[in-house]
Amino acid sequence: NGVCCFLCGGVYFGWKTISESNTQAMNKFLNQHKSNLALYLSFHSYSQLFLKPIGFDYNPPKDSAIHDAAGRAAGNAIKKTHGKAYRNIRSVELYPTSDSSTDWIYL
């Protein structure tokens with residue numbers, strides 16, 4: 001379970017940290033604007049999930065209540081507006097990850 005080193009794997013982690021162009025663009029944007037962000041939510045639209053930090057540790061971060069509340073609020077707004085239900089989980093609950101955007105912006 002978790003990330004995979006096989007190029008054709010569904011959760012391939014790339015050949016090095018932040019190796020893919022879409023990841024590089026996201027990393028650059030987030031790093032440029034990090035000081036202006038109060039909260040960063042990542043969502044997995046295919047599975048209708050809000051993913052919270054941290055992706056590599058099963059122990060919740062010290063401020064997990066803030067992420068729980070924000071994910072619930074966003075999920076409630078989507079449900080009310082579009083009728084779609086999003087679950088609010090820590091990314092490690094989907095599968096362990098390494099170097100996800102949720103983690104780089106949080107850490």
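The following questions and answers go through a predicted model of one protein, from its overall layout to single residues.

Residues are numbered from 1 along each chain as its sequence is written. In this predicted model local features need pLDDT of at least 70 and side-chain atom pairs count only at pLDDT 80 or more, while totals for chains, interfaces and linings use all residues; side-chain values use heavy atoms, with hydrogens and water left out.

Reader: What pattern does the protein follow along the sequence?
Author: The protein has four helices and three strands. Helices (H or I, at least four residues) and strands (E, at least two) are DSSP runs, numbered from the N terminus. Read along the sequence, they give the pattern α-β-β-α-β-α-α.

Reader: What percentage of the residues count as buried?
Author: Buried means under 20% relative accessible area, exposed over 50%, and partly exposed in between (1.4 Å probe, protein chains only). Of the 107 residues of the protein, the buried share is 32%.

Reader: What share of the contacts with a separation of 6 or more comes from residues 24 or more positions apart?
Author: A contact means heavy atoms within 4.5 Å. Among contacts in the protein with a separation of 6 or more, the share from residues 24 or more positions apart is 70%.

Reader: How far apart are the end C-alpha atoms of helix α2?
Author: The expected span of a helix is 1.5 Å times one less than its number of residues. Helix α2 (residues 64–82) has 19 residues and should therefore span 27 Å. The distance between its end C-alpha atoms agrees with this, at 26 Å.

Reader: Which residues of α2 are buried, and what arc do they cover?
Author: An α-helix has 3.6 residues a turn, so residues three or four places apart point the same way. In α2 the buried residues are Ser-64, His-67, Ala-70, Gly-71, Ala-74 and Gly-75. They lie on the same side of α2 because the arc they cover around the axis, taken from the directions from the helix axis to the C-beta atoms, is only 130°.

Reader: Which residues on the other side of α2 are exposed?
Author: The buried residues of α2 are covered by elements including β2 (49–52), β3 (87–90) and α4 (101–106). On the other side of α2, the exposed residues are Ala-65, Ile-66, Asn-76 and Lys-80.

Reader: Where does Gln-48 lie, and is Gln-48 buried or partly exposed?
Author: Gln-48 is not a glycine, yet it has a positive phi of about 55°. It lies in the loop between β1 and β2. With a relative accessible area of 27%, Gln-48 is partly exposed.

Reader: Which peptide bond is cis?
Author: Ile-54 lies in the loop between β2 and α2. The cis bond, with omega near 5°, runs from Pro-53 to Ile-54.

Reader: Which residues does Asp-99 touch?
Author: Asp-99 lies in the loop between α3 (91–94) and α4, and at 35% relative accessibility it counts as partly exposed. The C-alpha atoms of Asp-99 and Thr-17 are separated by 7.1 Å, although the two residues are 82 residues apart along the chain. Not counting residues up to four places away in sequence, Asp-99 touches Thr-17, Ile-18 and Trp-104.
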